[in-house]
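Hi,

Here is the structure I said I would pass on.

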Amino acid sequence: MTTAAQEWKRHWRTLATSSLGVATGFSMLQFNASIFIQPWQESFGWSRGEIAAAHNGMILTAILSPFAGALLDRHGVRRPLLVAMALTGVAYLAMTQLGGSLVQFYATYLALQVIGIFTTGLAFTRIVAARFVKSRGLALACTRVGISILGIFLPATLHALVEREGWQAGFYLLAGIVLLVGLPVCWIGIRDLPRAAAPERSQACSEDKESYLGLLRREPRVLLLCLCAGFGYAPLSTLLSQFQPLLTALDIAPADAAMLTGVLAGSVLIGTLVSGTLIDRVWAPAIACLFSLGPILGCLLMLQGSLTFPMALISAVLIGAAQGAEIDIVAYMAARYFGMRHYSAIYGSTITVMTLMAVAGQVGIGFLYDRFGNYHVALIAVIGGLAASIFLYLLMGRYPQQVEVEPERPARPIAGEAAA
């Protein structure tokens, strides 16, 4: 029986590669897209609404995520990932050729979003979850460390470069990072584990023959997990989309609100690591419920109509920690409840529900503010969504009783992994 320490000794290089890979793919643009808004306005005369419309492509990528996940389940991660990393770099370069045509902008941005699906956690968490069983929660959490660290330095660097050299230089930088760092690292460090021999997989034989649709018909908890993910993540995304104006509406100074937005972002990493450590030891739905209680408390504080700075700080930390915990807990539960056979398809399905509900929440909070002149109704709706997630998580029940089949260790070490 492999211990947690042996898992880390054997696979830490793959985990480090995955963390770096997540950080250097499409996620870079997701966290830095706002830097290009004003330069595009000045260069092309586009309105902010016209620019923001490009993000509607995320709805399509959300719908495509389960199909992308099924492709990874069927053919492995390495080849689709390497192709996607290379094409993502090409797409970044294509963005430098934008003129004043919105059609060209939307088409190029949509291509970048669709290709980028394969360079996100959809691919890399499968690589990690397949290798880590005893310490899977912490390992999955660590896959997001790279993007958190890069998020500290890249926005300021990118902003300074765009200010000095123009917005095209920003995309040249992103292309250079993915093509000169992300792609070579993934080429060296990402390998698909070979399937175990038949005698060792006797317990999973029938599951290997089952299609994803067959799993959905047999196991309703897959859909339940998708609802857990949606109701757990969408309220947090809704709050984040209006967090700074929300704080200023509650009598927090604009400069303090901006600083607290940064505090929230920093709390994401804390929530990621804490939840990842806990779910290896405690029933994961209970940890999800615990982290959902935090932002409920934060919303109750904000419902008072006015916040002191300490109260706002507490709210920011609770909301950020919950956001950091949510995605990793869902990834862990996908593997723990249903195994690795259809992991990426299941995880992709949770992304679909999370994204669609998040878009609805982000649009809805704006309309509710316009209708009522404050955020009170929106905060009550957020509390309701988080309360629903707690109820749904508790319905997941006990983990399956069968012993999870550990991945076969190859006869020789895979490139980029240490021999035990």
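L20, L180 and V181 together make a nonpolar surface patch of about 260 Å². For patches, residues need over 30% relative accessible area and no salt bridge, with nonpolar side chains (Val, Leu, Ile, Met, Phe, Trp, Tyr) joined within 5 Å and like charges within 9 Å; a salt bridge is a side-chain nitrogen of Lys or Arg within 4 Å of a carboxyl oxygen of Asp or Glu. Areas are Shrake-Rupley with a 1.4 Å probe, and for residues only the protein chains shown count as cover. L20 sits in helix α1 (residues 4-24) and is partly exposed, at 33% relative accessible area (buried is under 20%, exposed over 50%, partly exposed in between).

Keep in mind that this is a predicted model: local features need pLDDT of at least 70, side-chain atom pairs count only at pLDDT 80 or more, and totals for chains, interfaces and linings use all residues. Numbering runs from 1 along each chain as its sequence is written, and side-chain values use heavy atoms, without hydrogens or water.

Now α17 (residues 284-302): 14 of its 19 residues are buried, so the rest of the structure largely encloses this helix.

Overall, the protein has 20 helices and zero strands (DSSP runs numbered from the N terminus: H or I, at least four residues, for helices; E, at least two, for strands). Of its 420 residues, 51% count as buried. The C-alpha atoms fill a box of roughly 65 × 50 × 35 Å along the principal axes.

Cheers

Definitions and conventions: Buried < 20%, exposed > 50% of the residue type's maximum accessible area, 1.4 Å probe, protein only.
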